[in-house]
Amino acid sequence: MTLLIEQLLNGLQFGAMLFMLAAGLTLIFGIMGVVNLTHGSFYMVGAYCAAFALGHTGSFAAAVVAALLGAGVYGLLIEITVIRRLYQRDHLYQVLATFGLILFSNEAVSLVFGRRPPLVDTPAVLQGALTLAPGLDYPIIRLAFIAIGAMVAIGLWWLVNRTRVGMLVRAGADDREMVSALGVDIRRLYTLIFGLGALLCGLAGVMAAPLLAVEIGMGERVLITTFVVIVIGGVGSVRGALVGALLVGMVDSLGRAFLPQLLERLLTPDIATPLAAGLASASIYLLMAMVLIVRPLGLFSARG
Amino acid sequence: MSNIVKLAALTFAASAVMATVPAVAAAPVKIGFITTLSTPAGYIGEDLRDGFELAVKQGNGALGGVPVDLIIEDDGLKPANAKQIADRLVQSGVKLFTGVNFSNVLAAVVPGVIKAGDFYVSANPGPSVFAGAKCDPNYFVASYQNDAFHTAGGVAANELGFKRMVVLAPDYQAGRDAIAGFKRTYKGQVLAEIYTKLDQSDFSVEIARIRSLAPDAIYQFHPGGAGINFAKQYAAAGLGKTIPMLMPGFSMDARMLAATGGAAEGFYTTGIWSVAMDNPASKKFVQDFKAAYNRIPTDYAMQAYDTANWIASGLKAVNGDLSKADAFRSAMRKADFKSLRGKFSLNTNQHPIQDLYLMQIVKGADGQLEPKVVRKVVVDDRDAYASECKMPK
């Protein structure tokens with residue numbers, strides 16, 4: 001039982017991380033119509049800035065600020081210099097340009113910070129584990145991850161549903177041309193959203209840095225999963241991103257946790273082990289396929 | 001008169017200088033060094049390159065007194081790229097190759113090189129294919145056969161008294177080979193074989209399962225970033241102190257150790273060498289490497305340095321003339337060089353026969369974590385494939 005709860009928490013934590021990445025991506029894709037493959041690079045830049053700041057000041061607060069600033073500013077820079085020229089273009093151009101930017105970002109980061117993966121220690125307050133129930137100790141840093149994810153979700157809900165910017169975001173997701181025809185400076189809105197998306201990536205980057213290796217190419221690894229999340233959730237919907245992230249986090253974690261044991265009961269080990277590993281790897285894509293059969297536009301598509 | 005004396009003295013001095021320079025004033029021997037310098041794994045290529053270059057630098061641009069010209073190429077971790085580069089270099093007359101750092105890249109490069117009658121000396125991977133039926137007189141391995149660390153891991157686990165273990169590796173060929181190699185020598189009970197996803201970066205799920213299985217210890221193989229992630233998260237979950245971790249040395253090399261921080265303290269590794277190894281040549285190498293590059297050398301750097309010195313012994317025997325292929329080959333087969341590992345000899349399949357050590361990651365004299373040799377676990381390790389190799393003369 002405690003194992004099940006622990007694995008559920010693991011799924012929740014993975015979901016929280018995916019949500020921070022997916023929220024920005026879904027807005028950029030849904031509202032601006034841009035397929036942004038560079039999104040994972042913002043996450044990497046955030047993590048590297050955090051590692052750099054932590055290495056030089058020793059303060060985790062400074063690391064958080066550096067990650068948010070670094071990723072946010074890098075995002076704005078990319079939007080202004082490259083993405084802005086691609087709004088009117090076909091998705092293929094966007095894919096090519098942003099793919100090029102991945103390569104550029106990776107090389108730029110290795111030039112600036114070097115290839116050696118930097119060390120990011122867990123800050124003292126987040127070290128150790130909390131006893132949630134008898135026999136269930138859970139690392140505090142992972143609990144913090146879940147809490148921050150929840151805070152981001154609430155913050156975004158407030159931003160999208162209770163503010164003027166949010167109103168424009170929702171309107172933009174529905175009908176871009178109309179919003180622009182009503183005299184709204186859509187270009188500024190786009191820049192803002194892009195910056196916000198990058199900022200959230202930076203946040204995910206600094207949170208992940210003590211748990212994961214800060215290394216070149218760490219962004220591409222989560223990028224595909226993030227796209228799966230927004231496709232499941234429905235493009236352009238923050239609510240969809242949240243539900244999608246939690247679904248993907250749970251299915252992936254629980255699949256890896258329980259599929260092997262389940263199959264070992266049904267089949268011989270030499271068939272069950274590779275089959276379980278394969279199925280666990282494919283589980284989120286199976287989930288995506290099933291969701292798309294039932295709801296071709298995703299669960300909460302903004303354009304439904 | 002005094003002028004004549006001066007002139008005579010000068011001529012004498014000049015001839016003395018010329019006498020010490022080897023007679024080969026010919027063009028330097030070209031060595032194709034194809035490795036991975038870009039991508040996250042680029043640090044491995046860097047260490048291979050820097051280790052090799054250190055040996056060349058110490059010889060003042062020469063190996064075994066023969067001037068060499070290192071042609072360094074980045075393969076981007078793509079076998080097809082590496083094959084193209086190798087073909088181009090073979091056509092341009094390069095006769096000696098080394099540097100590749102991944103088995104799959106090596107498998108693309110080696111056949112073309114040896115088919116052209118040229119030589120390849122592996123500084124890192126030793127895949128089973130080229131150790132067994134497909135062994136070749138022009139293919140040498142300076143590092144290890146891929147299974148060596150894992151079979152030594154099994155022996156070490158027996159000696160450490162681990163009766164019930166969980167083994168983990170990524171779900172791909174090298175991961176499966178790792179677990180198969182470990183199980184070949186491990187005598188205890190394997191509670192679970194866990195295969196992780198190749199691109200996985202979070203191991204919370206697997207770690208929770210390990211905790212619930214409560215084994216005596218775990219054996220895990222995760223190279224590069226995944227290895228750093230695993231070690232950090234294992235320690236964060238509080239298992240680092242309760243369930244010992246055993247792994248092959250390349251799952252926790254010096255760079256990974258630096259990125260893992262204190263999390264790796266107390267973990268066990270197996271390997272052929274350690275920075276803390278107590279032999280004068282090795283100590284000098286670590287010192288020189290630190291002085292030249294301002295970082296701690298990894299096993300990769302050591303292997304490349306050994307490769308360079310081995311090649312030096314071959315080049316010296318033929319005075320840099322690689323067209324004397326038979327003479328170069330028999331010189332290489334003697335393996336007449338001073339390995340930093342201390343002992344090094346060649347098996348019939350031209351892979352090393354060497355000792356393997358159990359190490360534990362502990363704080364060194366300077367307070368930095370480093371793998372310290374606990375004891376020798378395998379003496380004169382030979383790989384299981386040599387018997388399948390029918391080496392032509």
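This is a predicted model: local features need pLDDT of at least 70, side-chain atom pairs count only at pLDDT 80 or more; totals for chains, interfaces and linings use all residues.
Local features need pLDDT of at least 70 and side-chain atom pairs pLDDT 80 or more, while totals for chains, interfaces and linings use all residues. Residues are numbered from 1 along each chain as written, chains are lettered from A in the order written, and side-chain values use heavy atoms, without hydrogens and water.

Chain B gives 37 residues to the contact and chain A gives 34 (heavy atoms within 4.5 Å). About 3,100 Å² is buried between them, 52% of it from carbon and sulfur atoms (accessible area, 1.4 Å probe, lost on being put together, summed over both parts). Lys197(B), Val205(B) and Arg209(B) supply 19% of the area that chain B buries against chain A, more than any other three residues.

Four salt bridges are counted between the chains (side-chain nitrogen of Lys or Arg within 4 Å of a carboxyl oxygen of Asp or Glu). Lys197(B) and Asp252(A) form a salt bridge at 2.7 Å, N to O.

Within chain A, Ser105(A) is buried, at 1% relative accessible area (buried means under 20%, 1.4 Å probe, protein chains only). A polar contact of 2.7 Å links its side chain to that of Tyr74(A). Beyond four places in sequence, Ser105(A) touches Thr38(A), Ser41(A), Met44(A) and Tyr74(A).

Terms used: Buried area is the accessible area (1.4 Å probe) that two parts lose on being put together, summed over both. Buried means under 20% relative accessible area, exposed over 50%, partly exposed in between (1.4 Å probe, protein chains only). A polar contact is a pair of N or O atoms within 3.5 Å; within protein, one must be able to donate a hydrogen and the other to accept it, and residues adjacent in sequence count only if both atoms are side-chain atoms.
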